[in-house]
Amino acid sequence: MTDFLQLTAAGLSQGSVYALLAVGLIATYTVRHVVNIAQGDFATLAGLGSISLVTAGLPLPVAILVALISVTLASVLIERLVIARVKNLTTLVSIILTLGVSTLLQAIMLLVWGAEARRLPPFPGNDLNLGGVSIRSQELWMLGALVIVGGGILLFYEKTRWGKALRASAEQPVAARIVGISPAVASVLAFAIAGFAGAAAGVVSSPIYLSIWSGGLLLGLKGFVAAVLGGLVSFRAAIVGALLLGVLESYVAGYVASGWKDAVAFFILIIVLIIRPAGLMLRPEAVRV
Amino acid sequence: MNRARRRRLLVPAAVAASIALALTGCNAANFGGGDDGGGDGATEEGPIKIGAVLDITGVGANLGVPEQNTLNMLADQLNEDGGINGREVELFIEDNQSTEDGAARATTQLIENEQVDLIIGASRTGPSLAMRPLVEAAQMPTISVAANAAIVDGSEWVFKTAQNDIVVLERILDDAESKGYTKIALARDATGFGEGIADIITELGAERGITLTATEAFEPSATDFTAQMTNLRAADADAVIIWGITPSAGLAQAAYVQIGVNKPVYQSHGVANAAFFEAAGPAAEGVLAPMGRLLVADQLEADDPQKEVIDQFIADYTEAYDAPPSSFAGHAYDAWKIGVAAIEEAGTDPEALRDAIEATSDFVGISGVFTMTPDNHSGLTADALIMAIAEGGRWNLYEE
């Protein structure tokens, strides 16, 4: 029983990282129908950036804040320089485009930070031991980041005027423009949210999982699988899906074989796509007027 | 294959080769080597080409990057000193991205396109094993810098400079036996480096009254080790061996301490670098690992036969790269020096060069004192290893 709870705890903290990435993916998908392959690279970029800033002598909170802001800006910059330039942006084009962006970002990270994995110092706090189940304080930070950042984005979309406007421009772009919601602003905002969520995932996970230039793609794919579970439009479903994915991975590694761990996500992806052959991604397209 | 058939194949091949040579402006003397008999004189011109296949990016980066640094530094030093017998040395370093197919591609590239005289690499066991059939078929003298004995077992053309895994495990199990441990649990790298480790422990353990009670595996790219460590905790052994490279072995160590297994840990020589401490953090404290003398050079006896070589290498490397070398840098150093000494003596004819490497005797290197024989292409004994303990953020000499 202790082992089961231990695996669950590890899975939940890992899943919270996937959840933040899934939230970022959905943010850009709902507004621009962009599947952003570079989403995971925002995480590694923020991780490596904050490591450099800490090494340069900045206090940890300041370094993290600077990294979060920089990566958010980088995401907006990518939107302005790449995504906004494309006239006929389909989901497929967005995948190809952002795959290019991802490759470019990885090359830059490799040149700047080198090939070796690096670690951000752990955030303050004490590790817990609840009846033999050990939980690192950093894992609580990871869950906390999901609650605050993920929850904050959820509230923003559902409760604020800006958030509702963003959703409106996603679902009815023409009508939204008529009532004065600028698609350009909506797009920038969506990428800012995606960049911020990805960066948050990167800085909270770096002290445990380390940051390495090439780590983004797999992370992004795990986030994508979670986002697909949420139909690529539902933040709530994606967050639940991400936590489920993390826990499932943990059980598979513990009870089956650790080598199967990374296969879980792809197995789920295939199952979902077979059960919903119309493609969960096609749904928003159909409601477009 | 009959004679007429062979001729049909040979003619177009020869034409294609001539065209390729003419197009690339290659030195024809490098082509064909000693096959035509008596052509040796022709190969002894132009630069000497040494190729290297290293894990510069990917999971083996902590190994490949210092190895790349070392080879670049040694090649520069050698050329400043006038090269080998007056001939300049050209170094071709290929990144295999820590993959088997990358290593195979890079090897083919070095043999076919660069026509190198000697190959060094790869950094890890898996890629090294992928290179083996290629270099054996091409009769290319090759010195791997990876650990698993399978790389050189029964090989004709492949040598290696990292200490054999079996010798490392002997060291670990000797220490375990002396402390009265009877049950050992293992978490091993799921790639070539960890292949066969469980069998060796079972075999060597039987002589020492030690049984292997649990085996877990982890990918070198893994970041979460909770599952494996939870299972090790349930195994209830007297001690645990974590067998992998940094950073994964370091992350496993961190998870091990976090989960609270609370048993002594042995690690392999795959963690013989400072990066282990970055990955494991405070969890590194107290870990024992057999390794070469490089990382504890400042604690060696003054009369240690390797001390002078090691001190010089540390000084040179630190000056060039502003950071101390790792054991993996040392493996590259040994491969380079053994290879260069053999070329100096025998030239670049593949057969002669191979024989010269095989005749390496009492070579004082970083990872130990090498004596190769036709049956032993690794050349190191258990004396090459010391037991090190992780204390205060560095490796220290362990007094039993």
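## The sheet in chain B

B:Ile50 sits across from B:Leu118 in E3(B). That puts us in a predicted model, where local features need pLDDT of at least 70, side-chain atom pairs count only at pLDDT 80 or more, and totals for chains, interfaces and linings use all residues. Residues are numbered from 1 along each chain as its sequence is written, chains are lettered from A in the order in which they are written, and side-chain values use heavy atoms, leaving out hydrogens and water.

Strands E1 (residues 48-54) and E3 (residues 118-121) of chain B run parallel, joined over four bridges; pairing takes at least two DSSP bridges. Strands (E, at least two residues) and helices (H or I, at least four) are DSSP runs, numbered from the N terminus. The whole open sheet of chain B has five strands, ordered E2-E1-E3-E4-E5, with parallel pairing. E2 (89-95) and E5 (158-160) of chain B each have a single partner strand, so one side of each lacks a neighbour in the sheet.

## Helices on the sheet

Helix H4 (residues 100-114) of chain B lies across E1, E2 and E3 of chain B, at about 170° to E1(B). Angles run from 0 to 180 degrees between N-to-C directions, with axes fitted to C-alpha atoms, for helices over the stretch in contact; contact means heavy atoms within 4.5 Å.

## Meeting chain A

The contact takes in 28 residues of chain A and 26 residues of chain B. Across it, the rule finds one salt bridge: A:Asp3 with B:Arg233, at 3.4 Å, N to O. The cut-off is a Lys or Arg side-chain nitrogen within 4 Å of an Asp or Glu carboxyl oxygen. On chain B's side, H8(B) gives the most, with seven residues.
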